[in-house]
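Here are my notes on the model. Please read them with the structure open beside you.

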Amino acid sequence: MGPQKLEDPHLKPPLTISRDDDYFAWMAEGGRIRTSARAIIVDPKRSRVLVEKNLGAGNPFFNFIGGGVVVGESLTQCIARELVEELRVGVAEMRYLFVVETFTRHADGVRHGLEHYFEVL
C-alpha cells in the first residue's frame, strides 16, 4: 500500500505520511503527540452547539471548548479544568464520544494530535 495522503483545504501542498517515514526518529528529534480533550456542548433544544472562535496566526477558525491534557491529568479532569478556565462553569455530566487523529502543518513542522471529544451536559 502506498503513502496515505491527508488533504486539508488549508494546507498546500497536501501533507503526505508514508510508511517509509521513521516515526521513532521523529519522536527522538523532539516530535510528540499532543493529546487534548474537547467539550461538545449542545443547548437543551439540541438546535445549537457552543464553539469558540480562535484567531490563531491570522487565520481565524472555530473549535470546540477544550485544550491540551496536562501531564498526570485524566481526559475528564482536563475537560473540567478547561470549562472552568474558559467558561467559568462546572461539569454536571459528560459522556465520551470519539477521538480524532490530526496532522497539521505549523511553522515548526508537522504536529501530531489526538483530540478526544465528550458530550457535556
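1. Two strands pair if DSSP finds at least two bridges between them. Strands (E, at least two residues) and helices (H or I, at least four) are DSSP runs, numbered from the N terminus. This is a predicted model: local features need pLDDT of at least 70, side-chain atom pairs count only at pLDDT 80 or more, and totals for chains, interfaces and linings use all residues. Residues are numbered from 1 along each chain as its sequence is written, and side-chain values use heavy atoms, leaving out hydrogens and water.

2. Look at strand 8. Strand 3 runs parallel to strand 8, joined by eight bridges. R34 stands opposite G113 of strand 8. Strand 7 (residues 94–106) runs antiparallel to strand 8, with twelve bridges. Here R95 faces E119 of strand 8.

3. Which residues make up the largest nonpolar core? There are eight: A37, A39, I65, C78, I79, L83, F118 and V120. A nonpolar core is a set of buried Ala, Val, Leu, Ile, Met, Phe, Trp, Tyr and Cys residues joined through side-chain atoms within 4.5 Å. Buried means under 20% relative accessible area, exposed over 50%, partly exposed in between (1.4 Å probe, protein chains only). Strand 3 (33–40), helix 2 (75–87) and strand 8 (109–120) each give at least two core residues. Helix 2 supplies the largest share, three residues.

4. Now take C78. Leaving aside residues up to four places away in sequence, C78 touches A37, G67, G68, V69 and E73. Contact means heavy atoms within 4.5 Å.

5. Finally, F62. F62 lies in strand 5 (residues 61–63). F62 counts as exposed because its relative accessibility is 56%.
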